[in-house]
Amino acid sequence: MHVLKAFLASLSSKAYWKDILWSMIRISVAFTIGTIVGIAVGVSVGYSTILRAIISPYLEILRPIPAIAWVPMAILMWPSTEESIIFITFLGAVFPIALNTWDGVRRVPYELIKAARSLGAKKTSVLFNVVIPYAIPNITVGMALGMGGAWFALLAGEMISGRFGIGYFTWESYELIQYGNIIVGMVTIGILSAVSTKLIYVMKQIVVPWAE
């Protein structure tokens, strides 16, 4: 009952909706950048042996570092709190997307590539018309995993250095000993993350319905 009252009170609070809006803006910007960079890196290391030799060692070194461990570095690297939070969130998204894209490109049957080339397709044409479409199911799985990682990283960033956002809302509730609002924040985080991930799978069903 206490949590229900806190939830109803939050629904009528402008600050609560403002925190959700801030988190959604941050996640949208960071996840979009992470998706673009992750797909580009994954396709590069999966399709080019030269780029794989150059990039993959850095991926293997940086990938295991938790996004939250980047918080002090992000604060030093970026002049504003907002940029540092987006950077941390980007890191939470980019590695799952890059690795799953790489795996998807690697799984493309060589027979398909060979057939396309035998019909006169150039390497660039093979990449965009054969390799990437075949890898889309893996890419969307990576995006779903990246969305979860992005939310985790975002909340960590908001709790540590944010002034707005649902992570900040939850942490502030803890500091003010408002236990009902802590639960509200946790439930809100779960709902937002679940809806965001579901949208990715809906997009997958639209783009590659045959993969279901």
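## Thr 35 and its contacts

Leaving aside neighbours within four places in sequence, Thr 35 is in contact (heavy atoms within 4.5 Å) with Ile 97 and Met 143. Thr 35 is found in helix H2. Helices here are DSSP runs of H or I with at least four residues, numbered from the N terminus. Thr 35 counts as buried because its relative accessibility is 11%. Buried means under 20% relative accessible area, exposed means over 50%, and partly exposed lies in between (1.4 Å probe, protein chains only).

This is a predicted model: local features need pLDDT of at least 70, side-chain atom pairs count only at pLDDT 80 or more, and totals for chains, interfaces and linings use all residues. Residues are numbered from 1 along each chain as its sequence is written, and side-chain values use heavy atoms, with hydrogens and water left out.

## H2 against H7

Helix H2 spans residues 14-47 and packs on H7 at an angle of about 140 degrees. The two axes are 7 Å apart. Axes are lines fitted to C-alpha atoms, for helices over the stretch in contact, and angles run from 0 to 180 degrees between N-to-C directions. H2 is therefore oblique to H7. The classes are set by angle: under 35 degrees is roughly parallel, over 145 roughly antiparallel, 65 to 115 roughly perpendicular, and the rest oblique.

The crossing of H2 and H7 is right-handed. A crossing is right-handed if the near helix is turned clockwise from the far one by less than a right angle, and left-handed if anticlockwise. The contact of H2 with H7 has 16 nonpolar, three polar and three charged residues. Nonpolar covers Ala, Val, Leu, Ile, Met, Phe, Trp, Tyr, Cys and Pro; charged covers Asp, Glu, Lys and Arg; polar covers the others, Gly among them.

## H5 against H7

Helix H5 (residues 81-106) packs on helix H7 (residues 123-161) at about 155 degrees, with axes 6 Å apart. H5 and H7 are therefore roughly antiparallel to each other. Their crossing is right-handed. Residues of this contact of H5 with H7 divide into 16 nonpolar, 13 polar and two charged.

Thr 89 is found in H5. Thr 89 is buried, because its relative accessible area is 0%. Not counting residues up to four places away in sequence, Thr 89 touches Ile 27, Ala 30, Ala 150, Ala 153 and Leu 154.

## H2 against H9

H2 also packs with helix H9 (residues 179-207). The angle is about 35 degrees and the axes are 12 Å apart. H2 passes H9 in a right-handed crossing. From H2, Tyr 16, Ile 20, Met 24 and Phe 31 take part; from H9, they meet Val 184, Thr 188, Leu 192 and Ile 200. By class, the contact of H2 with H9 has seven nonpolar, one polar and no charged residues.

## H8 and what follows

Helix H8 covers residues 166-175. Its buried residues are Ile 166, Gly 167, Phe 169, Thr 170 and Ser 173. They cover an arc of only 165 degrees around the axis, so they lie on the same side of H8. The arc is that of the directions from the helix axis to the C-beta atoms. After H8 comes Ile 177, with a positive phi near 60 degrees.

## An exposed tyrosine

Tyr 58 sits in helix H3 (residues 49-62). Tyr 58 counts as exposed because its relative accessibility is 56%. Tyr 58 and Arg 107 are 49 residues apart in sequence. In space they are 22 Å apart, C-alpha to C-alpha.

Key
Helix = DSSP H or I, 4+ residues; strand = E, 2+ residues; numbered from the N terminus.
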